[in-house]
Amino acid sequence: MMCTNVSEDFPESKEITDKSDEFGDLAIFEGSVKMCGNDALEDGLLADPDKCGMCGGPLVVSRMLHCLHSFCEECLDKKLVGEGGDAGTTEASIDCPTCGHQTKVGTKKLAALPLDVTKTNISDVSNSSSLHCTSCTAKELAKSRCNTCHNLLCNHCDSAHHYMRCFESHQVVALEDMRKDGIKITIHKPLECDIHQGENLIYYCNSCSATACSECLKNEHKGAEHHAEGIADSEMRVRQEMKALLAESKSKVEQLMKLSTGLNNSLEELAHQRSTARDLINESYQSYKAVLEKCRDEALSKLNELYHERELVIMKENDEVGKTIGNFEDARTYTSRLLEISTVPEIMYLRKTVADRLLELNNNTPKFDETFNIEFRTDFGTFESMVKEHFGEFRTEKSRESSPLSTGVPVLVPLTVAQPVTNGCNASSITNSSPISLPTSMQSSFDGDLSGTMQNFSLAQSPPLPQVNTAAAAAMPGFSSIAEYNLAQLATLAESTNSAATSPTPPFNLADFLTSDTAYKNLASLAKLGLNAAPATNPNGTHTRSNKVSPMQIRSKFGQLGPNKGQFNSPHGFCLGLEEDIIVADTNNHRIQVFDKSGAFKFQFGTSGKDEGQLWYPRKVAVMRTTGKYVVCDRGNERSRMQIFTKNGHFLKKIAIRYIDIVAGLAVSGHGEIVAVDSVSPTVFIISESGELIRWFDCSDFMREPSDIAIHGKEFYVCDFKGHNVVVFSDEGHFLRRIGCESITNFPNGIDISDAGDILIGDSHGNRFHVAVFSRDGCLISEFECPYVKVSRCCGLKITSEGYVVTLAKNNHHVLVLNTLYIL
């Protein structure tokens, strides 16, 4: 047991304490100065060791929990009382506010927790005019400092350190040199025994795992059962022991990082397998649409259920791995700091607590199963009578070995269509045995070779179609059976009546369809498709195109290719700040630049790198309206990373988003929730500012490739780049409606909503910036176009309070501000 009172023995430290408010942003470490922000860090790591993670203020009487997180004694006492229960029982405990680790305190309450001597036992005496030797009893003026034993040295002690063999590994620095270099001069007060006042802790009892003084050896630690030794004698052994634990924890972290990578690959592979299985389901459905529609719905529902079950498992395991890595990093950071700046008594005092934490983490490394699999297989028998029973089944990692499907699946004869099918697709290149491709949205965003990640996939071949006599088939060139011909025609008709796009398709010829041999069956199939119902109407509102497209004037244009201030290199995203500043994610320059609304440069932040606080190809940026903080999405060490910065550009924290591949759209809701949309596997994620994943929903059934997102009230508006429209969801993920169509909103890549609720959708199709304005129910109001400049790959659209429209031309490397085109 020990206590410290620096102010009594070192009155110079009172001057430092009195100036703590003036230098509140300086955290003093051994031989260095670290700058800390005013705002309390919220990521729970030991990034600001001088502030309490509970009250946010400087640490006062710092007590350390068993997880190595330190807090004010008063804050811990309030928490112990506030959590309820009998704090005086042997089972009394405190849950760490940072990591949630439980620390038992028992009847001793807070007295059972050690003081964090790395914070309470160090005093800064840099401003003291006269410093005395702390290594001997002569109390002569000090001339140097030993960074190994952490003592100030007088002339005699300095000579001893230079010439005696026992000090040959010690590092001695002159005080004058430290002042010239601006290095803080610190001293460590000897640790005093709590039981015997005035006695220093100079022994360590190995039996009790506790430090002791001379009086303790005569009383509390007396007897043959107590094995005590001098602290100095055990220094090398203890340091080697703790370094070994530190090395073991490092290897554990590396294993966990590999495990996390494996889980990420499993999640990506699971998405690929789902896409493959979904495409095979849709192919079967198109072949037998009239008969298999209900089975298709049931299979897709089951597929999504299986996918989401495994997605939840992987994301949960990934989250647990991330938390475990965070706990390892916290413990390793603290241990490294303890070994670096603490004296031997301090190390011995905290040895058991630190070693127990590292052993606990090393011995309880989570292990998860990285094998997940979803596979759709078909085994067709009798087409009409047994279709529901043999439509297909799902194979997961649990069923792969138990009941393998018969390998004798009949091979389907490829289709060769001589004439284009009436839905506008050239069917001559399509065969029923062709492999199913990944969606184009996934292909466009994938960097590596797919062969490595697809090697575990196995696709069941398509089932055979019922055959008819060759004479009947000859009447229908390109089709091998009447069923194929009928179903192809039905699929064409379904496409023309149910497609969300408004592009017209060639008319359907009933004369070719209603032959004498098949009329009855064809009419029955038409009835199943609901063709006897009322004529279909446009569920997305009216898209009657205006004859006049109003021109937009260029108010300002700024930026060009380059690395200097005000220059860009392929910027991928931007947003408007609290004062309508234009904040640009300068992607290939690895920085964020801030301009006022007229285009004048204000400041920039970010340095190139993958570490926390650095930026590596930032793609999207958003602003939290309540605090002005910046949310930035870049690559980091993974596919995607999210970081929070202050309104002045100082790094605050990182949010792990391993579940997102590429962030295509980023926004902040009115409640301060961060909303991000993934373009590879179209999914919307809602994340709290603290980094917690609140909820998410899959929108891949309603769109192909998201490109931007806007929020209005409780509705999410997501641009579908390859679907040529905007899909509207509720904040709970329910599909509501579509807005736009291919003829009006070609490849939309920007969206914003006015205060009146009108939706502005921007695109740069045809190298011109075009804006279509819709009402909330999807009716086209007006269109605008800028004919004065050619643009390439515009990213985003924002409307200012004055009605100016702002967009970012990625390939032109500049920002466009267009004159008022719309009255809010």
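Select valine 61 and you will find yourself in the loop between β2 (32-35) and β3 (62-64), where strands are DSSP runs of E of at least two residues, numbered from the N terminus. Its phi is positive, about 50 degrees, although valine 61 is not a glycine. Most residues other than glycine have a negative phi. Valine 61 is partly exposed, at a relative accessible area of 40% (buried means under 20%, exposed over 50%, and partly exposed in between, with a 1.4 Å probe and protein chains only).

Before moving on, note that this is a predicted model, in which local features need pLDDT of at least 70 and side-chain atom pairs count only at pLDDT 80 or more, while totals for chains, interfaces and linings use all residues. Residues are numbered from 1 along each chain as its sequence is written, and side-chain values use heavy atoms, with hydrogens and water left out.

Next, select serine 570, which lies in the loop between β18 (554-558) and β19 (573-576). Here too phi is positive in a residue other than glycine, near 55 degrees, and serine 570 counts as buried, with 12% relative accessibility.

Finally, display the open sheet of 5 strands, whose order is β17-β38-β37-β36-β35 with mixed pairing; two strands pair if DSSP finds at least two bridges between them. At its edges stand β17 (550-551) and β35 (748-753), each with a single partner strand, so one side of each has no neighbour in the sheet. Within the sheet, β37 (residues 769-774) and β38 (residues 780-786) run antiparallel and are joined by 6 bridges; to see one pairing, select phenylalanine 769 together with cysteine 786, its bridge partner in β38.

Terms used:
Helix = DSSP H or I, 4+ residues; strand = E, 2+ residues; numbered from the N terminus.
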